[in-house]
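Visitor: I am new to this structure. Could you walk me through it?

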Amino acid sequence: MQKTMIIALLTVGVGMQVPSVLAANKAVLLGIDGVQWEKVQALNTPNFDRLTINKAYTGGMKGYDNEQLTSSGPGWATILTGVWVNKHNVDTNSAGLANADFPSIFKRINDANPILTQASLVHWSPINTQFFTQDITNVERVESGISDADVTSATMSEINKGTDFVFAHLDDPDHHGHSTCFGSAYNKSIITADQQLGEILDAIEAAEKQSGDNWLLMVTTDHGRDSLGCGHGAQKLNQKTIFIGSNEPVNAELTEKSVGANNDFSGLYGYAAQTSIVPTLLTHLGIKVEQEWKLDGPSLIGELGVRKLVASTDGYLQWINESDDDIRIYRNDILVDVLPAQNNSWQDNANTRLGTVDYVLASNANPVAFRNNVMDVNAGLSWSLSRGYFFRSDTQYVRYNKVLDKAEDGYPRAVNEGNWPGLSAYSENLVASFHKDSDTAYFFTHDGQYLSYDLNTDSVRDGYPKAVDATTWSGLEAYADSIVATLRWKGNKVYFFLDDGNYLRYDLVNDSVDSGYPKPINDSTWPGLGTYAQQITAAIHWDDTRAYFFLDGQRYIRYSITSDRVDSGYPKPTNDSSWPGLLGM
Ligand SMILES: [Zn+2]
């Protein structure tokens, strides 16, 4: 900014022609696909050395709702929107259009000032042709699938033209990584990318001298690589590690490693996130980042506000803040609290935290957001070989087609007197359900009651709910309000799982708890389930060979009834790929 003013004054001072257009702020975002930061540091890359550059991270936060694959689609979508996958919805490379509710920087710029000119010049086409097609209709120059050399020359010509925002994407390092892993070809592609970065930096410096404009160049990558350099996609330190560089001064969010609430991955989350790129570019371009946009990262230029925000699913928020400004806390666009600057945590005690919850913390006009989805599966009921029902924490239910392995169209729906006669008054309290026989299903509520459901008349039987007591469920009475899940097993047995990590076996013929229970859920009683004993929210008998356990934090486990143990590779996230439509809105 200072540089611009001096040039402008000199121009006027020496009596030369006053520029007809005032000096402007312009920006280039150079993305280089699949570059391992440690390789850049080890190799001779003199042009990277011209930047203020530091480690950063991608992939969201492992185990949180914003966790995403460390692959190109999700990565570039985050780089270009400033939000994670739970907002932009680009969950794989084959995803379609990104979520229009969280538009890319192209649309943000065009909406803020349609006069500004833009270019999107990409080697990897899907960025333009698959994810952001709807946003680039107002971008003046769009090139897709062109070589790295052509991207570089097109970028330089756009800089020479004075285009206000240029996104340039190089792909050769990722390509070489996939074909020959780490090695000489990969290293050479990074050296080449460094030279292309150098050409772009030279073009920017020349343009600044000539026009007096102030160009921000940011450089980044979408993901790191596995230890051999061949692939990526997982939640592993190398693959989550990226970098962000800038030719302009940046704030401590980029230059310093902080200690936040989550120190996983050797403290990687203490560095800046991929989500900070969009707010930084917008700030440089003079476009105010609105708190309503719910961008997940703070700007790397300008005053620091709240950063390193983490919200757990129980509504506990933590962050760091060095600004003197009050902290305004928004939940789903409503201001819910204002805290003095020195605070660094807050408990959301509202009982409206079910479903998708968007927090935004704003201080110093540098807002930062965090989205949670606290929807859980509270109960699962196997209706038939082809149909299951799931009851969710938002009190809606989903009819699931077990053959097609997806939710039926038109779900979720509210539980009401039309679809579940007699059950709707208890839809907020359901904790477990199971299919006893061809006549009866049972539902249990968190206050120690149960309902008997007549499968023939499709309604709750008269006289229910009743208390779980010594006469109705002999041996279960002491645990009536601790039940979190039930699992109909083989023969006459059904298992009850309790909130303290223990379980009971119930015999439906003897109509009582078997002797010797409760027992702990551990790796001898339930092999593979011990670690998750206190995280179970629901269980469902799927067929004679398997059952599913649903865990908090939207994860699930497949349990082999045949081999009586958790199948390998679980837990996995409960999402639209694993359970299409189950947790959808
Ligand atoms: Zn790749």
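Visitor: What are the spans of the C-alpha trace along its principal axes?
Guide: The model is predicted. The chain has 585 residues, and 56% of them count as buried. Along the principal axes, the C-alpha trace spans about 100 × 50 × 40 Å.

Visitor: How many helices and strands does the chain have?
Guide: Both kinds of element occur here. The count gives 13 helices and 35 strands.

Visitor: How far apart are the C-alpha centres of domain 2 and domain 3?
Guide: The domain assignment gives domain 1 as 23-289. It gives domain 2 as 303-373 and domain 3 as 377-573. Between the C-alpha centres of domain 2 and domain 3 the distance is 35 Å.

Visitor: What share of the contacts with a separation of 6 or more comes from residues 24 or more positions apart?
Guide: Take the contacts in the chain with a separation of 6 or more. Among these, residues 24 or more positions apart account for 57%.

Visitor: Are helices H5 and H13 roughly parallel or roughly antiparallel?
Guide: H5 covers residues 105-112 and H13 covers residues 277-284. Their axes lie 11 Å apart, at an angle of about 25°. Angles under 35 degrees count as roughly parallel. H5 and H13 are therefore roughly parallel.

Visitor: Is the crossing of H5 and H13 left-handed or right-handed?
Guide: Ile105, Arg108 and Ile109 in H5 meet Val278, Leu281 and Leu282 in H13. Where H5 passes H13, the crossing is right-handed.

Visitor: Which elements do the buried residues of H5 pack against?
Guide: The buried residues of H5 include Ile105, Phe106, Arg108, Ile109 and Asn110. Their packing partners are helix H3 (72-81), strand S3 (118-122), strand S5 (165-170) and H13.

Visitor: How many salt bridges are there?
Guide: Side chains of opposite charge can pair when their charged atoms come close. Here a nitrogen of Lys or Arg must lie within 4 Å of a carboxyl oxygen of Asp or Glu. By this rule, the count is 25 salt bridges.

Visitor: How many residues apart in sequence are the parts tied together by Arg50 and Asp202?
Guide: Arg50 forms a salt bridge with Asp202, with the closest N and O atoms 2.9 Å apart. Arg50 lies in the loop between helix H2 (37-42) and strand S2 (52-57), and Asp202 lies in helix H9 (residues 184-211), so the pair ties together parts separated in sequence by 152 residues.

Visitor: Is Asp514 buried or exposed?
Guide: Asp514 forms a salt bridge with Lys493, with the closest N and O atoms 2.9 Å apart. Asp514 sits in the loop between strands S29 (512-513) and S30 (519-520), while Lys493 is in strand S27. Buried means under 20% relative accessible area. At 11% relative accessibility, Asp514 counts as buried.

Visitor: What is the relative accessibility of Arg558?
Guide: Asp567 forms a salt bridge with Arg558, the closest N and O atoms being 2.7 Å apart. Arg558 counts as partly exposed, at a relative accessibility of 27%.

Visitor: How far apart in space are Gln210 and Asp499?
Guide: Gln210 lies in helix H9. Gln210 is exposed, with a relative accessible area of 74%. In sequence, Gln210 and Asp499 are 289 residues apart. In space, C-alpha to C-alpha, the distance between Gln210 and Asp499 is 69 Å.

Definitions and conventions
Residues numbered from 1 in each chain as written. Predicted model: local features only at pLDDT ≥ 70, side-chain atom pairs only at ≥ 80, totals over all residues. Heavy atoms only, no water. Salt bridge = Lys/Arg side-chain N within 4 Å of Asp/Glu carboxyl O. Helix = DSSP H or I, 4+ residues; strand = E, 2+ residues; numbered from the N terminus. Buried < 20%, exposed > 50% of the residue type's maximum accessible area, 1.4 Å probe, protein only. Domains from an automatic or database assignment. Axes fitted to C-alpha atoms, helices over the stretch in contact; angles between N-to-C directions. Parallel < 35°, antiparallel > 145°, perpendicular 65-115°, else oblique. Left-handed = near helix turned anticlockwise from the far one by under 90°. Contact = heavy atoms within 4.5 Å.
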